[in-house]
Structures are given as structure tokens and as C-alpha cells.
Amino acid sequence: MTGSLSITAASPDPALLDLPWREPLAEWPARYIAALPKGLSRHLVRFAHLSGHVIAIKETSEEFARSEYEMLRTLQKLDVPCVEPLAVITNRTDGSGEPLDSVLVTRHLKFSLPYRALYSQALRPETATRLVDALAVLLVRLHTIGFFWGDVSLSNTLFRRDAGSFAAYLVDAETGRLHPGGLSNGQREHDLEIARVNIAGELMDLEAGGRIDASLDPVAVSEGIIAAYRSLWGELTGSESFSTSERWRINERVGRLNELGFDIGELAITTDESGRRVRIQPKVVDAGHHQRRLLRLTGLDVEENQARRLLNDLDSYTLAFDKQQLDEEMVAHEWVMRVFEPIVNAIPRELKGKLEPAEVFHQLLEHRWFLSQNEMRDVPLAEALSSYIQHVLRFRRDEAALFNPPTGTLTMPLPVVDEPGSAVQPAGSDSTADAADDWRDRV
Ligand SMILES: Nc1ncnc2c1ncn2[C@@H]1O[C@H](COP(=O)(O)OP(=O)(O)O)[C@@H](O)[C@H]1O
Ligand SMILES: [Mg+2]
């Protein structure tokens, strides 16, 4: 006897009903499962195919599934980079009527990787520092909207490449709380301390497995989050005071915040009684300055540093063709048609899953710079492009999550995982299951 399944979703995909909810997630047949790298977790999390996408399914209690679903929806509305919640499924029972755990379904974040899958041999200090920096930016963004995370860690974060750095996304909101009145300093410090301890533990864990570079000091890297967080927080929220003759400092502060990718909603400016000193204090800060400008101009929706990179190229295009007098949006449109799209379209089909278009564009510009340096001449973009495709892109592993139909083969030369300790799945083998040995041993 089986009861009725209950699905809560904002825009439910009917295909959800085709998944085997009456079976424990651990026992789902391989044809449903997408083999992709995954971070460490408390609950059982598996990826499955759904209408040409990949979804992440987490088995947990009804209460946790519902509250995490709501929290992720709220964070999405607030434009926080996090995974997108799709549904909560409760009232699951197996064939004999025994109750099964509820699940939270989120959309698999395309091109994202857990930190343990971001590198192939030993984690280098520079990479670790970039991860921590990205996490600090995410934490600052969360704190500015009054979100206390409670479980800040590399494992609860997903990373996307962003023009040589990383962009961090929140994946696990289970412990989070939103405080509409903002966070106290004590709450922010508490989160920061959790971050430091967790990161140190995660890096020491890698160290114990011989998977970090000998020169990486887990404690020093983990402490880096505190410095990165404090300088960003200070820049965003700190007040500054200077003499009225230095009014240019107002613009300078605005420029610095824009450089960091933040917009100022409001800047409070006060003068002292003598009228000789000015105090400024940014009020509301919004992340994603370059992202928004690029989106407005071109409709391209990319990460912040990628956006900055693309905008730089757009600006040099405008200069090179002497188009400063023209309407910015028109020139941007022309740049997309004449520069950006031809490049994206020139990527051979079979290599399209390797990297996001904006990241390819960024890497191509870097590659051209290297070629030009080496050969001491201006290498044309078309020439740099074929060299980049032949010598760089072809050798990357796939980072898109859009795979072949469930029965197809997985082309990602990366061992994939479910729980630690299950059977090995060789790279590129038929993805009949996501069972693999502890993949952390192999990256
Ligand atoms: N939507 C998603 N996209 C990509 N990966 C995901 C997604 N949801 C979960 N994961 C992966 O599963 C792991 C565990 O998820 P998490 O929510 O942290 O579970 P737990 O609450 O058990 O710790 C994450 O580290 C991440 O690698
Ligand atoms: Mg987690």
C-alpha cells in the first residue's frame, strides 16, 4: 500500500513524476543517475537526469527540506549566488508502504565544481587562496543582506571559473538564518570563525591524503579568509572622513567600490560643524556592477570578472574603431556580433562543453597575450583562436553538466563519485552508475 506523493514546486516539471520516488535514493537504478563530481555531505545527495537537465537530490527530513527550499528561494530573490531550488517531495513510501525520507531537489549548477574537483594533482597555495577569496566575497554578500550562514565551508560552496579567479555559490543553506534587521558584529565574527575552522579542517584533510602541495600551509590559507573578508567589508561599509578640499575622495571611493564589483545604493555625506571636514558612508551596496552593465548593454549574463574582462574588450573595440561618440548600446551590440559571437561560434561542437563561452573568451585573450609576448608581434585574434583551440581547449576536461542521454557515455576524464568507499569508475567509462571509489584519492 502506497500513499500519495506530495510535490511542492513553484513551476513543477511534470517529468519529475517519472523519477522513482518510491525507491530509496541510494538504490535508484543507474539509468536515472548523472555521474558528476560532488562535495562531501552529511546527507545522501545524488544527481539525476530530468528533461535534459541535471538535478541534485538530497534526502533529508521534511522539516529540513522545506526550510532549505524556502531559504534558497528567498536568497534567489535577493540575487545571492546560490543553487536554484526546484521542489520538495514528501510523503514518500516504498513498495511495502514504509516511509522514505523527504527530498530537496535543486538544479545542478552548470559549470560548477566542488573544490576537491577543481584541480588535478595537488592543490597549490595560489589556487587555495583564490578559493578562499571567492568564499570571502560570497560571505560578505550574504552578510550585507543579513544572512547568517552557520556552516561556512568549502564543501558547502560550489565554484565556477571566473576569468582566472573563482566565483563562489552557496550550495547548503540548511543552517542559514536571515535576519531582516542585519547581522550584529558578533554574528558576523561567529560566521567568520566557523569559516576559518572549517577551511583549516578541509585543507588538513586534503593534506593527510597527500593531496596538497607541500608549500601549502592549511592554517595560513584558512586565516586568509579573515583578512580577505575584513578588507572587503571595510571597503564596503566603513566610513571615511577627509577635509572638504579633498572632495575628489568621494569619487575615488565610489570608483574603488565599482572596481570591486559593487554598486552604491546610497552614499551618506555629512560635514562637521565647521564645514571643513566631510564624512562619507556607503549605505546600500549591491554586488555585480560589471555583470549588470554587461547585461544591460549586451544581454550577456556572465560572472563578475568575466564581465569586467568582456567590458574591457568592448572598451578597446570602441577606442580602436573610434566609436566613442556613438551610443554605447549600439557599439556593444556591434561588438557582440563582430567579436564575441564569431569566437563562440568558432568553437567546434564537440568542445563546447569544456568551458563557458565567457570563460573561453577570457582564456583566448590571455592566450593571445602569451603568444604575442613570445613572438614579439601582435597576434591576430583569428590566429590566436585556432592556436587556443588546438593547444589549450582540446586538452581540458568537460565542465558543463549537460551530458548525453542517461544511457550515453560520459566524456569527462574525471573519476566521479557517490559515497566514499564504493566501487571504482574509470574515467570516460560508461556511466552506468555514479558509484566510484573515494574520488578524492584520484584528483
Ligand atoms: N544544485 C547543485 N548543483 C551542484 N552540486 C550540488 C547541488 N546540490 C548539491 N550539490 C553537491 O552535493 C554536495 C552536498 O550538498 P549539501 O547541500 O552540502 O548536502 P549536506 O546538507 O548533506 O551537507 C555539495 O557539496 C555539492 O557538491
Ligand atoms: Mg553540506
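What share of the contacts in the protein chain with a separation of 6 or more is accounted for by residues 24 or more positions apart? The share is 62%, where two residues are in contact if their C-beta atoms, placed from the backbone, lie within 7 Å.

## Model and overall make-up

This is a predicted model, in which local features need pLDDT of at least 70 and side-chain atom pairs count only at pLDDT 80 or more, while totals for chains, interfaces and linings use all residues. Residues are numbered from 1 along each chain as its sequence is written, and chains are lettered from A and ligands numbered from 1 in the order in which they are written.

The protein chain has 10 helices and 14 strands, which are DSSP runs numbered from the N terminus (helices are H or I, at least four residues; strands are E, at least two). Of its 443 residues, 34% count as buried, meaning that 20 or more other C-beta atoms, placed from the backbone, lie within 10 Å of the residue's own.

At least three residues come from each of domain 1 (6-110) and domain 2 (113-234), with the domain bounds taken from an automatic or database domain assignment.

Leucine 131 touches Tyr115, Leu154, Phe159 and Phe166, not counting residues up to four places away in sequence.

## Surroundings of ligand 1

Ligand 1 is surrounded by 21 residues, of which the closest are Gly39, Ser41, His43, Ala56 and Asp172; a residue is near a molecule if its C-beta atom, placed from the backbone, lies within 6 Å of it. Strand 3 (53-60) and strand 5 (102-107) are the elements that give two or more residues to this shell. Domain 1 (6-110) and domain 2 (113-234) each contribute at least three residues to the shell around ligand 1.

## Helix 9

The 19 residues of helix 9 (residues 357-375) should span 27 Å at 1.5 Å a residue, and the end C-alpha atoms are 26 Å apart, which agrees; the expected span is 1.5 Å times one less than the number of residues. Buried residues in helix 9 include Phe361, Leu364 and His367, and the buried residues of this helix pack against strand 7 (157-162), helix 7 (304-320), helix 8 (328-346) and helix 10 (381-391). Just after helix 9, methionine 376 takes a positive phi of about 50 degrees.

Terms used. A residue is buried if 20 or more other C-beta atoms lie within 10 Å of its own, exposed if 12 or fewer, and partly exposed in between; C-beta atoms are placed from the backbone.
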